[in-house]
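The following note sets out a few points for a reader who is new to this entry. Please keep the sequence and the model in view while reading.

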Amino acid sequence: MDISIVIPLYNEDESLPHLASWIDRVMIQNNFSYEVIMVDDGSKDSSWKVIENLHNSNPAYKGVKFRRNYGKSAALNVGFAHAQGDVVITMDADLQDSPDEIPELYSMITSQGFDLVSGWKKKRYDSKLAKNIPSKFFNWTTRLMSGIRLHDFNCGLKAYRLDVVKSIEVYGEMHRFIPVIAKWAGFSNIGEKVVHHRKREFGVTKFGISRFVNGYLDLISIMFMSRFGKQPMHFFGFVGSCSFLMGFGALLVVCILRLLGRISLTNSVWFYMSMLFVVIGAMLFLAGFLGELICRNSPTRNSYLIEKDLQ
Ligand code: UDP
Ligand code: MG
């Protein structure tokens, strides 16, 4: 099969029939063999009914329904697990992403050798204050921290080689960082394509301004996990040792000054500061040690992604 299209959706019943007929048109024009995996993230409207109807009239349409709303990342993760096509395309259900981009994305993966191609909504049809401006800032920091030169990390329209989606796990709110997760998993050939973006015609946006706060926390945890996730001691041990040594050195000086009768310990701010550094250092060191013990017992401590294996 050429293409699997994975569509996470939450309360999008009005958009779905339009989206499906548009996808069909593009797939037939380009002679692709395809499947469409619609993951209903616990919709409360009649989205699931629409998916059942689509499935009954065309078996290329498949559906998974969550019992409740788990979020876009969870929906993508389940879609990825079901996908079988050589190229996997993800897109939003709200008609903001255009299926006309699919043939070009497909060829960038199959003939230009990209592992992942991310859409770039260069001209964006969303509210300026709530989305466009914060999102520029968000993309800038993510670019800086991850070293991946993309303009629009969070674009719903993306294309992947099948390998990639089978090797990564998307959870929590991590759908904003799939390129970062993919790079971390060893897929560094990441491309970008300017895509056509449209106004939302039906329904309302599902993400408020809170996504930026959560987004930054997720970015920090993802960067931290990729650098130190398997060796917590490298971070905590280093910072802890520095703090301990600085504190200990200062403490020695303070004690010598006290012996020479220059200062009184209870009145000296330096005494308390050096004690604080010693204690914080010891605690950080202990945190690193506990982290190492947890890693040692983790079931994934020896799981690696193997690219090739000659036997
Ligand atoms: N979505 C989802 N689960 C959620 C929230 C959103 O599956 O909990 C889907 C939603 O139906 C849409 C896509 O994720 O297909 C992007 O959501 P939305 O269009 O609201 O985001 P925006 O374009 O406003 O950033
Ligand atoms: Mg949208």
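**Notes on the predicted model**

1. Leu95 is found in the loop that runs between β4 (87–90) and α4 (102–110). This is a predicted model. Although Leu95 is not a glycine, its phi is positive, at about 70°. Leu95 counts as buried because 21 other C-beta atoms lie within 10 Å, where 20 or more are required.

2. A second residue with a positive phi is Asn31, at about 60°, and Asn31 is not a glycine either. Asn31 lies in the loop between α1 (15–29) and β2 (34–40). Is Asn31 buried or exposed? With 8 C-beta neighbours inside 10 Å, Asn31 counts as exposed, since the limit for that class is 12 or fewer.

3. The protein as a whole has 10 helices and seven strands. Its radius of gyration is 25 Å, whereas the globule rule gives 19 Å for 311 residues; the protein is therefore more spread out than a compact globule. The C-alpha trace spans about 90 × 55 × 35 Å along the principal axes.

4. Of the 311 residues in the protein, 36% are buried. Among contacts between residues at least 6 apart in sequence, 82% join residues at least 24 apart.

5. Asp41 is placed in the loop between β2 and α2 (47–57). Asp41 is buried, having 25 other C-beta atoms within 10 Å. Which residues does Asp41 contact, leaving aside its neighbours within four places in sequence? They are Pro8, Leu9, Tyr10, Phe66, Asn69, Tyr70, Gly71, Lys72 and Ala75. By contrast, the C-alpha atoms of Asp41 and Leu260 are separated by 72 Å, and these two residues are 219 apart along the chain.

6. Attention may now turn to the ligand. Ligand 1 is surrounded by 17 residues, and the closest are Pro8, Tyr10, Ala93, Thr205 and Lys206. The elements that give two or more residues to this shell are β1 (3–9) and α3 (72–82). By class, the shell around ligand 1 has six nonpolar, five polar and six charged residues.

7. On the α5 side, the contact is made by Pro134, Phe138, Thr141, Thr142 and Met145. On the α8 side, the residues are Phe212, Gly215, Leu219 and Met223. By class, the contact of α5 with α8 has six nonpolar and three polar residues, and no charged residues.

8. The last point concerns Ala287, which has its place in helix α10 (residues 269–296). Ala287 is partly exposed, with 17 other C-beta atoms within 10 Å; this class covers the counts between those for exposed and buried residues. Ala287 and Trp120 are 167 residues apart in sequence, and their C-alpha atoms are 41 Å apart in space.

Methods:
Residues numbered from 1 in each chain as written. Chains lettered and ligands numbered in written order. Predicted model: local features only at pLDDT ≥ 70, side-chain atom pairs only at ≥ 80, totals over all residues. Helix = DSSP H or I, 4+ residues; strand = E, 2+ residues; numbered from the N terminus. Rg over C-alpha atoms; globule rule 2.2 N^0.38 Å. Contact = placed C-beta atoms within 7 Å. Near = placed C-beta within 6 Å. Nonpolar A, V, L, I, M, F, W, Y, C, P; charged D, E, K, R; others polar.
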